[in-house]
Amino acid sequence: MTKGFTLSSAIAGSCLALASTAVSAEELRGWNIHVEDYPVSIAMESFATEVAERTGGELTAKTFHNGVLGSQPDAIEQLRLGVIDFGEFSLGPFGTSVPEANVVSLPFIFPSIPAMYEMMDGEVGEAISEGMRARGVEPLGWYDAGARSFYNSVRPINTPADVEGLKIRVMSNDLFVQMVESMDGNATPMAFAEVYQSIQTGVVDGAENNPPSYESTSHYEVASFYSLTEHLIIPECLCMSKITFDGLTEEQQTILKEAGANSATLQRELWQAREAASMEIVEAGGTVVNTIADKGPFQDAMAPVYDGFLEANPDLADLVNLIRNGG
């Protein structure tokens with residue numbers, strides 16, 4: 001009887017130990033809109049590997065690529081509710097719910113990509129992080145999405161006057177519409193998938209985007225003038241649900257933040273290589289590429305855009321000035 005009881009106790013104890021192990025190991029579910037070989041995707045997989053290794057398997061992270069967990073706006077909402085644990089998002093769509101994030105959608109607010117890195121890794125990034133935390137999102141690292149520039153089928157753009165009269169496709173955001181209109185261009189919001197045919201048929205004269213997007217969509221085939229205005233430098237965020245993050249130990253939180261920062265460093269390197277390769281392809285394909293010697297006139301033309309934004313968001317004046325003054 002005693003031996004039987006001891007054996008039963010041992011078996012029960014083993015089962016409890018196994019159950020405890022199963023409960024303590026947690027798999028985080030991640031959202032990503034990109035294909036698996038994209039710089040963002042590779043960096044997210046690196047993040048997952050580091051998290052699993054450094055937590056001894058207590059935390060694992062699985063990224064669902066190609067947007068299979070829903071559209072970006074839906075995924076952001078799922079993240080805030082804790083349905084999705086982490087994801088990689090452009091700060092653009094956060095602007096409707098996180099005013100601080102909308103600041104980076106102001107045209108020409110960052111003077112360069114290196115300046116964006118420095119500011120987002122410092123005081124500017126922390127200010128935006130605070131706004132995101134207040135709305136249920138914990139940033140882990142800032143990814144690079146390049147600089148968006150104008151391309152069209154009519155002429156090079158060297159000054160704001162060159163935009164006058166051009167029909168330019170923009171993303172559906174009032175700031176981007178105002179940006180084109182401030183240079184007397186005709187802003188046309190439309191779905192990205194419609195751009196190629198719309199340029200080809202003359203519905204619009206051009207659009208604006210980063211080099212990999214311009215190249216991978218073959219837009220350079222129908223819009224052969226690419227002017228490097230770099231008017232929008234909108235960083236992206238590897239971030240977590242604050243509900244998930246707050247439920248972890250302090251040690252796990254530290255590991256996640258460090259892994260996120262490491263993945264951002266990797267992603268930036270991969271992105272820069274991808275941009276260089278895209279520029280080689282479009283130039284070999286006959287694209288006329290021009291740089292902008294002086295962006296001052298473009299920045300001056302944005303005054304009405306900034307005035308309207310700050311009138312609607314006076315509490316963000318300090319953050320806007322912090323970025324414009326170099327962080």
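**View 1. Tryptophan 31 has glycine 87 of S3 as its bridge partner.** This is a predicted model, in which local features need pLDDT of at least 70 and side-chain atom pairs count only at pLDDT 80 or more, while totals for chains, interfaces and linings use all residues. Residues are numbered from 1 along each chain as its sequence is written, and side-chain values use heavy atoms, leaving out hydrogens and water. Strand S1 (residues 26-31) and S3 run parallel here, joined by 2 bridges. Helices (H or I, at least four residues) and strands (E, at least two) are DSSP runs, numbered from the N terminus.

**View 2. Here is the open sheet, with its 5 strands in the order S2-S1-S3-S10-S4.** The pairing is mixed; strands pair if DSSP finds at least two bridges between them. At the edges sit strand S2 (59-64) and S4, each of which pairs on one side only. On average, neighbouring strands of this sheet are turned by 25° against each other, direction ignored.

View 3. Axes are lines fitted to C-alpha atoms, for helices over the stretch in contact (heavy atoms within 4.5 Å), and angles run from 0 to 180 degrees between N-to-C directions.

**View 4. The protein is divided into domain 1 (26-146 + 234-277) and domain 2 (147-233 + 288-304).** These bounds come from an automatic or database domain assignment. Taken over C-alpha atoms, the domain centres are 27 Å apart. Where the two domains touch, 18 residues of domain 1 are in contact with 20 residues of domain 2.

**View 5. Look between the domains for the largest pocket, with about 1,000 Å³ of space.** A pocket is an open set of points on a 1 Å grid where a 1.4 Å probe fits, with protein on both sides within 12 Å along at least five of seven lines; lining residues have an atom within 4 Å of a point. Its volume is the space filled by probe spheres on points joined across faces, edges and corners. Among the 44 lining residues of the largest pocket, Gln72, Ser90, Pro93, Arg148 and Met171 are closest to its centre. Elements giving two or more residues to this lining include strand S3 (86-90), helix H4 (91-94), helix H8 (174-181) and helix H12 (250-284). Both domains give residues to the lining, so the largest pocket lies between them. By class, this lining has 19 nonpolar, 18 polar and 7 charged residues; Ala, Val, Leu, Ile, Met, Phe, Trp, Tyr, Cys and Pro count as nonpolar, Asp, Glu, Lys and Arg as charged, and the others, Gly among them, as polar.

**View 6. The second largest pocket has a volume of about 260 Å³.** Asp121, Leu140, Gly141, Trp142 and Ala261 lie nearest its centre, out of 16 lining residues. Helix H7 (123-133), strand S4 (137-143) and H12 each give two or more residues to this lining, and H12 gives the most, with 5 residues. The lining of the second largest pocket divides into 6 nonpolar, 5 polar and 5 charged residues.

**View 7. Finally, H14 and helix H15 (residues 317-324) cross at roughly 145°, their axes coming within 10 Å.** Tyr306, Phe309 and Leu310 of H14 make the contact with Ala317, Val320 and Arg324 of H15. By class, this contact has 5 nonpolar, no polar and 1 charged residues.
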